[in-house]
Amino acid sequence: MIGFFISHGSPTILIEENKWKDLLKEIGKEIKEKYNPETIIVSSPHFISWTGIHYIEKTEKLECIQDYYGFPEELYKYCYDAENDVELVKEIVNLSNGIIKEDDKWGLDHGAWIPLYYMFPKDKPKIVTISITENSPEDHYKVGEVIKKAVEKLNRNAIFLATGSPTHRLDLFYFKIKPKPSKFDMILIDLVKNGNFNDILRIRELYPKEYEAAMPEGDLNTLYMLLGYLKPKKGEILGYEVPWAGVSMVAISFYD
């Protein structure tokens, strides 16, 4: 099995000449050709529950949410809806022992739909979207394990897509500092290359100064969920860049 941790970037990617969306297209094309998944399970750092309970959308159609404000009007012409894998959603909830509950108030926020827009523009797979919480990395890892059990029980051909940026210091963007890789990014990339996935789960504990300086988007909780889902044995860096001061973009594939 395979899964991905991919940065979604700024909504301005929709109207820019940007190599990152070309990379997303290439990754999506390869996924379609090699795996042709029925379902993409996506976790975005912008879908967050503050109750300690993870929410998973149950509606038949997942509506596009343009959850960004003050951007050029042209950006609001773009959207991406998708059919939900309702059967898989119900199975995930049934196996979760109450840690995941159904919800009908969310859809696909820009952290989910912008990558999907470029990766799967046609012949869309079904999508399942699940929230992060403020809970621990271990909690998110367990949620990933539950999702995997449901996928296996239904014999789904599914791929997990976690999104977010490892360095997300938007405050630095305004100080016009020259973009450069953060120490935290280099640590994370080395851990992936060396297959130290247990250390990724403990990265905040092992590297507290570098973690706090980077302020990872969503506390990397989407990535922890992916690790629980896949229990990877190998990781590969597909892309990395620092487009702005304080913001990094990464694309990583993980294999079990």
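A residue counts as buried when its relative accessible area is under 20%. In the predicted model described here, this criterion picks out Phe184, Asp185, Ile187, Leu188, Ile189, Leu191 and Val192 in helix α6, which covers residues 183–193. These buried residues of α6 pack against α7 (197–201), α8 (203–206), α9 (208–214), α10, β9 and β10 (247–255). Just after α6, glycine 195 takes a positive phi of about 70°.

Helix α6 also takes part in the lining of a pocket. The second largest pocket has a volume of about 320 Å³, and α6 and α9 each supply at least two residues of its lining. The largest share comes from α9, with 4 residues. In total, 20 residues line this pocket, and Leu172, Lys180, Pro181, Ser182 and Ala213 are those that lie nearest its centre. Sorted by class, the lining of the second largest pocket consists of 10 nonpolar, 3 polar and 7 charged residues.

The buried set is made up of His110, Gly111, Ala112, Trp113, Ile114, Pro115, Leu116, Tyr118 and Met119. Their packing partners include both strands and a helix: β1 (2–6), α1 (19–34), β2 (39–43), β7 (126–129) and β8 (158–163). The N-terminal end of α3 is capped by aspartate 109, which has a side-chain oxygen 2.9 Å from the backbone nitrogen of glycine 111.

Asparagine 221 belongs to α10 itself (residues 221–230). With a relative accessible area of 3%, asparagine 221 is buried. When neighbours within four places in sequence are left aside, asparagine 221 is in contact with Ile132, Thr133, Asn135 and His140. Glycine 218 is located in the loop between α9 and α10. A relative accessible area of 25% makes glycine 218 partly exposed. Not counting residues up to four places away in sequence, glycine 218 touches Pro45 and Ile132; Ile132 is also among the contacts of asparagine 221. Glycine 218 is 189 residues from lysine 29 in sequence, and the distance between the two in space is 27 Å, C-alpha to C-alpha.

The structure holds 1 disulfide. It joins cysteine 64 to cysteine 79, with an S to S distance of 2.1 Å. Both cysteine 64 and cysteine 79 lie in the loop between β4 (61–62) and β5 (82–83), so the pair ties together parts that are 15 residues apart in sequence. The torsion about the S-S bond of cysteine 64 and cysteine 79 is about -90°, so the disulfide is left-handed. The two partners fall into separate accessibility classes: cysteine 64 counts as buried at 16% relative accessibility, whereas cysteine 79, with a relative accessible area of 35%, is partly exposed.

Threonine 59 is found in the loop between β3 (54–57) and β4. This residue is partly exposed, with a relative accessible area of 25%. Its side chain reaches the backbone oxygen of lysine 61 at 3.0 Å. Beyond residues up to four places away in sequence, threonine 59 touches Asn84, Val86 and Asp104.

A search of the whole structure finds 1 cavity of 30 Å³ or more. The largest cavity has a volume of about 50 Å³. Its lining is formed by Gly9, Ser10, Thr12, Ile13, Glu16, Asn18, Glu241, Pro243, Trp244 and Met249. Strand β9 (residues 234–244) gives the most to this lining, with 3 residues. By class, 4 of the lining residues of the largest cavity are nonpolar, 4 are polar and 2 are charged. Strand β9 is also one of the elements against which the buried residues of α6 pack.

Notes: Residues are numbered from 1 along each chain as its sequence is written. This is a predicted model: local features need pLDDT of at least 70, side-chain atom pairs count only at pLDDT 80 or more; totals for chains, interfaces and linings use all residues. Side-chain values use heavy atoms; hydrogens and water are left out. A disulfide is a pair of cysteine sulfur atoms within 2.5 Å. Buried means under 20% relative accessible area, exposed over 50%, partly exposed in between (1.4 Å probe, protein chains only). Contact means heavy atoms within 4.5 Å. A polar contact is a pair of N or O atoms within 3.5 Å; within protein, one must be able to donate a hydrogen and the other to accept it, and residues adjacent in sequence count only if both atoms are side-chain atoms. On a 1 Å grid over the protein atoms alone, a cavity is a set of points where a 1.4 Å probe fits but cannot get out, and a pocket is an open set with protein on both sides within 12 Å along at least five of seven lines; lining residues have an atom within 4 Å of a point. Grid points are joined across faces, edges and corners, and a volume is the space filled by probe spheres set on the points. Ala, Val, Leu, Ile, Met, Phe, Trp, Tyr, Cys and Pro count as nonpolar, Asp, Glu, Lys and Arg as charged, and the others, Gly among them, as polar.
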